[in-house]
Amino acid sequence: MSRQTVMLKVTQMLRFDIRKAVVGALACFLSAGSVDEAAARSPYTHQTNQPQKNNVFYDPSPDVSNPPMYGEGQEIVPLYQSIPGFLQAPYGPPSFGPPYGTSHLFGDWGGIQPWLQKRGVYVAVNVYESLSGNPIGGKKQTVTDAGQVGVTLDIDWQKILNAGHWSDNFWLHMLAVNGHGRNLSAEFGDNANQVQQIYGARGNVVAHLVWAYFEKSMYHNKVDLAMGWIPTGTFFNNSPWGCSFMNVWMCGNVTPTKYLNGGRDWPSGNIGTVLRLMPTKHFYIMGGLFAVSPHAYNGGISGWAWAQPGLGKLSTEVELGWIPEFGRDHLIGHYKVGAMYDNSKYDDLYRDIYGHAWVTSGQPARRQSGQTSMWVMIDQMLVRHGDGPMNGFIIGGQYSYASGQTSAMKNHLVGVIMDTGHWWNRPKDMVGFAFQWAQFSRSAIRQQEASQAAGLPFQGANFGVPYGIQSHENIYEFFYTIQVMPGISVQPDFQYIQRPGGSTVFKNAAVFSSAFSFTL
C-alpha cells in the first residue's frame with residue numbers, strides 16, 4: 001500500500017471519528033435522560049472534559065456521558081436521533097432538570113461540574129434581569145427592572161446509591177428562585193397582564209421553592225411517574241416556544257389556565273403527581289392530580305408551607321400529544337390537546353343566589369361547582385436549518401378556554417412565527433413574532449357594568465382589578481435573542497399593547513425591553 005493511500009485512509013478515519021465525536025457530543029450534551037441508557041442505546045457517545053491531574057477534583061475513574069437536562073431555548077438533537085421515552089423526547093412531555101440548560105458561563109467550574117455529575121449531582125445557577133419601559137401610552141410612562149436568581153439541583157439516585165436496577169432513572173428535582181423589581185404593566189395601568197417575563201408570584205423572600213419532586217422512569221422510559229411539589233404548567237399546557245417570548249400570558253403555562261387555582265404555574269407549585277405514558281416516540285398521554293390551594297401564595301411566600309389549610313379539593317389535568325416528523329428533513333411538529341377540571345366551588349363573578357348582580361344586591365355570590373379549562377396547541381417546522389427541533393422556520397398557535405362564570409378571562413388565542421439567524425450567519429440567534437388576543441368573560445363584564453351604573457368601585461378577580469369595563473386585549477410582540485457566548489444571552493423585545501387591561505381607559509402602550517440571562 002502506497003504512502004499516499006495510507007495517508008488518505010488515515011485522514012478519512014480521522015474525519016469520521018471527529019464527525020462522530022462531534023455528533024455524539026451534541027447528542028449527549030443536549031439531550032436529556034439517564035446516563036446509562038443513553039450510553040447503552042444511543043449510537044453517539046460523548047466524553048466529558050478530562051480534569052487535569054493537578055485539579056483537586058480530578059478523578060482517575062473513567063468519564064461517563066454527561067447528560068444535561070432540557071433547557072429553555074436549548075438545542076436538542078432531532079427526535080429521529082434521540083432515544084424514545086420521556087427523558088429523551090424533545091418537547092414532548094417536558095424533560096426535567098435545570099430550566100436554564102447546561103451551557104455555563106464559567107465552563108465546568110474548574111472541574112467541579114464533571115466531578116459532581118459523575119456522582120449524580122447536577123447544579124445550575126442563572127441570573128436574569130429585564131429592563132423595560134413604555135415611552136408611549138398607558139397610565140403613565142416609566143421604566144422598571146425585574147429579575148431573579150434561580151438555582152437548580154438534580155440528583156440521580158442510581159449514581160448516588162449505586163443500588164441496582166430499582167434506582168435506574170430515579171431522580172430528585174429541586175428549583176428555588178428569588179425575585180426583585182417592579183411590575184411595569186401595573187405601573188402603566190394593566191393589572192391583567194405582565195409584559196416582563198420574570199415578576200411576581202413568589203413573595204418577598206430570599207429563596208422561593210418552585211418545585212421539589214421525585215421522578216421515576218420505567219419500561220425503557222415509556223412510563224414515567226413524578227410526585228411531590230410540582231407546578232402544573234411544567235407538565236401541562238406547555239409549549240416549546242412559549243418562553244422564547246417575554247410576555248407572561250405566553251411564558252410557561254399559557255393563559256388563562258395558570259390564573260386558575262387548580263392550574264397555577266411556575267413559580268407556584270402544588271402537591272401532586274403526574275403519570276405519563278409514551279408508547280411510541282411520536283405519541284404520549286399524561287394525567288395529573290393536584291391539591292388546590294385557595295391561598296394567594298401556594299405553599300406560602302416561601303413555597304415550603306405545603307400543609308396550608310383548605311387543601312381539601314383536587315384538580316385533574318389530562319393531555320394528549322402527537323409529535324410527528326415530516327419528510328427527509330424530519331420537520332418536527334407538536335400537536336397537543338388537554339383539559340383541566342377543578343372540583344372546588346368558586347363565586348360567580350356576576351350572579352348572586354337569586355341570579356342578580358351581587359355587587360349591588362347585597363346578597364352573597366352564587367357558588368359555582370367546578371372550574372374547567374381546555375387548550376389546543378400546535379407548532380410545525382416548515383424549513384429546517386440544522387439539527388434540533390427549534391432550528392428552522394416554525395409557525396405555531398394555541399387556543400385556551402376557561403369557565404367564564406368564575407374566570408375573568410374566557411378565551412385566549414395566540415399565533416407565532418419564529419426562525420433562527422441562519423440566513424444572516426447567526427445560527428444560534430432566534431427571532432420571533434407573536435400576536436395574542438384575549439377576551440374577557442361576559443360575567444366579568446356584567447359585574448363591571450353593574451358596578452359602574454351604581455357608582456361602586458370595580459371588583460377584582462383572578463386577573464386583577466380593572467380600571468374600566470373590559471372587553472378584549474391585543475398584544476403584538478417581536479423579539480430577537482442574541483447568543484453572545486456560552487452562558488450569556490441578550491434579548492431585545494418590543495410589545496405593543498392595545499386596550500391595556502382590556503379596556504379603553506388608557507391609550508395603547510408601546511413597551512421596549514432588554515433581557516439579560518447569565519448561566520454561571
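A contact here means heavy atoms within 4.5 Å. Among contacts in the protein chain between residues at least 6 apart in sequence, 66% join residues at least 24 apart.

The model is predicted, so that local features need pLDDT of at least 70 and side-chain atom pairs count only at pLDDT 80 or more, whereas totals for chains, interfaces and linings use all residues. Residues are numbered from 1 along each chain as its sequence is written, and side-chain values use heavy atoms, with hydrogens and water left out.

Seven helices and 18 strands make up the secondary structure of the protein chain, where helices (H or I, at least four residues) and strands (E, at least two) are DSSP runs numbered from the N terminus. Of its 520 residues, 55% count as buried, that is, under 20% relative accessible area with a 1.4 Å probe, protein chains only.

A search of the whole structure finds one disulfide, defined as a pair of cysteine sulfur atoms within 2.5 Å. Cys 243 and Cys 251 form this link with their sulfur atoms 2.0 Å apart; the link is right-handed, with 95° about the S-S bond, and both Cys 243 and Cys 251 are buried.

Two strand pairings, each requiring at least two DSSP bridges between the strands, are set out below.

| Strands | Sense | Bridges |
|---|---|---|
| E13 (residues 392-402) and E14 (residues 409-421) | antiparallel | eight bridges |
| E14 and E15 (residues 426-440) | antiparallel | twelve bridges |

A hairpin of six residues joins E13 to E14, and Ile 395 has Ile 417 in E14 as its bridge partner. In the hairpin of E14 and E15, four residues lie between the strands and Asn 425 takes a positive phi near 60°, while Asn 411 stands opposite Gln 439 in E15.

Definitions and conventions: Buried means under 20% relative accessible area, exposed over 50%, partly exposed in between (1.4 Å probe, protein chains only).
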